[in-house]
Amino acid sequence: MSTPVLIAQRILILYKKIFYIEELQTSKAVQWSLGASLFSFFVSFEIWSSTKAISTSLYAKGVHLCWPHFQSCGKYFFLEAMPWGYSQSILYMVFFTIIIAGVYFLYKKEWVQVHLCTLVLFTWKALYLSTVTLSASNNYDFYHLVFTFIILFLPYKEFFLQLSAVLLYFLSSTIKIHEGWVTGTIFTSLENGLPIFNVLGNNAVPVITNTVILFQIIFCWYLMSGNKLHQKLALIYAIIFHLYSGTLVGYHYPSMILPETIIIFGLFYSKIL
């Protein structure tokens, strides 16, 4: 066997060992989670491909937004969005091709290849959100980065996917411990009130908002419960919550976390601890 082939084999063995590829090969939950991650990349990149957040024309006008830790981000912009250029469209079509390739490799069970595709997508998204621009940053996409980081880099992937999802639910409750959520005025101040539940009147809104807070503080932990009834009730509530939240925030938030929640706590849930 030639030296280049031996080197390639050793690199492949090392790659599988470093990134715990064996877990991808054996865990259906992790495999489907990787598929959900590819879907979330598609959703994010579809939105970003049509924005001008990192276009050179925006930097020329001085209206771009940088992170405090990287105030000179605009100097490194190299893309131009339509109608002033095609470079951004070309880049995101390259990413779209990588997403499709990742889906194909996932179908063919070529775990190293799909891992590499996802690694490329993850690198761009992480840089984009944390360094390149501040204008595109939101909590939803960071949820996706957490899940994808676990799939790509950590051992015990299934356990950490479950734990991270519950922790993210719990942490998201902290921003709701606020007068607007506790009293419900964040929704009663809207012209049309709370979607669907507006027929119940404003007095019902605080009950609904505090139920959401209670779930994210306490009941989210039942998603990892060994009690089947408690675990399924928590899952059903989470699904209903995300579907309902879509009426307020659109597809972006549900697409980042709902598929993952259904996969790791529904389709392939197993009590790990």
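I began with the crossing of α3 and α6, which is left-handed (the near helix is turned anticlockwise from the far one by less than a right angle; clockwise would be right-handed). This is a predicted model, in which local features need pLDDT of at least 70 and side-chain atom pairs count only at pLDDT 80 or more, while totals for chains, interfaces and linings use all residues. Residues are numbered from 1 along each chain as its sequence is written, and side-chain values use heavy atoms, with hydrogens and water left out.

**Helices α3 and α6**

I looked up the geometry next: the axes of helix α3 (residues 28–48) and α6 come within 11 Å and cross at roughly 40°, which makes α3 oblique to α6. Angles under 35 degrees count as roughly parallel, over 145 as roughly antiparallel, 65 to 115 as roughly perpendicular and the rest as oblique. Helices here are DSSP runs of H or I with at least four residues, numbered from the N terminus.

I then listed the residues that meet, including L38, F41, F45 and W48 in α3 and L121, W124, Y128 and L129 in α6; contact means heavy atoms within 4.5 Å. By class, the contact of α3 with α6 has twelve nonpolar, five polar and one charged residues.

**The core**

I turned to the largest nonpolar core, which has 68 residues, and noted that F45, W48, F95, L121, W124, Y128 and F265 touch the most other members. Such a core is a set of buried Ala, Val, Leu, Ile, Met, Phe, Trp, Tyr and Cys residues joined through side-chain atoms within 4.5 Å. Helix α6 (residues 111–132) gives the largest share of this core, eleven residues. For W124, leaving aside neighbours within four places in sequence, I found contacts with F45, W48, I54, L91, Y92 and F95.

**V112**

I checked V112, which lies in helix α6, and found that V112 is buried, with a relative accessible area of 11% (buried means under 20%, exposed over 50%, partly exposed in between, with a 1.4 Å probe and protein chains only). Not counting residues up to four places away in sequence, V112 touches L12, Y15, K16 and I21. The C-alpha atoms of V112 and E22 are separated by 9.9 Å, although the two are 90 residues apart along the chain.

**Helices α8 and α11**

Last, I looked up helix α8 (residues 157–172) and helix α11 (residues 205–217), which pack at an angle of about 140° with their axes 7 Å apart. Y169, F170 and S172 of α8 and F215, Q216 and I217 of α11 make the contact.

Terms used: Axes are lines fitted to C-alpha atoms, for helices over the stretch in contact, and angles run from 0 to 180 degrees between N-to-C directions. Helices (H or I, at least four residues) and strands (E, at least two) are DSSP runs, numbered from the N terminus. Ala, Val, Leu, Ile, Met, Phe, Trp, Tyr, Cys and Pro count as nonpolar, Asp, Glu, Lys and Arg as charged, and the others, Gly among them, as polar.
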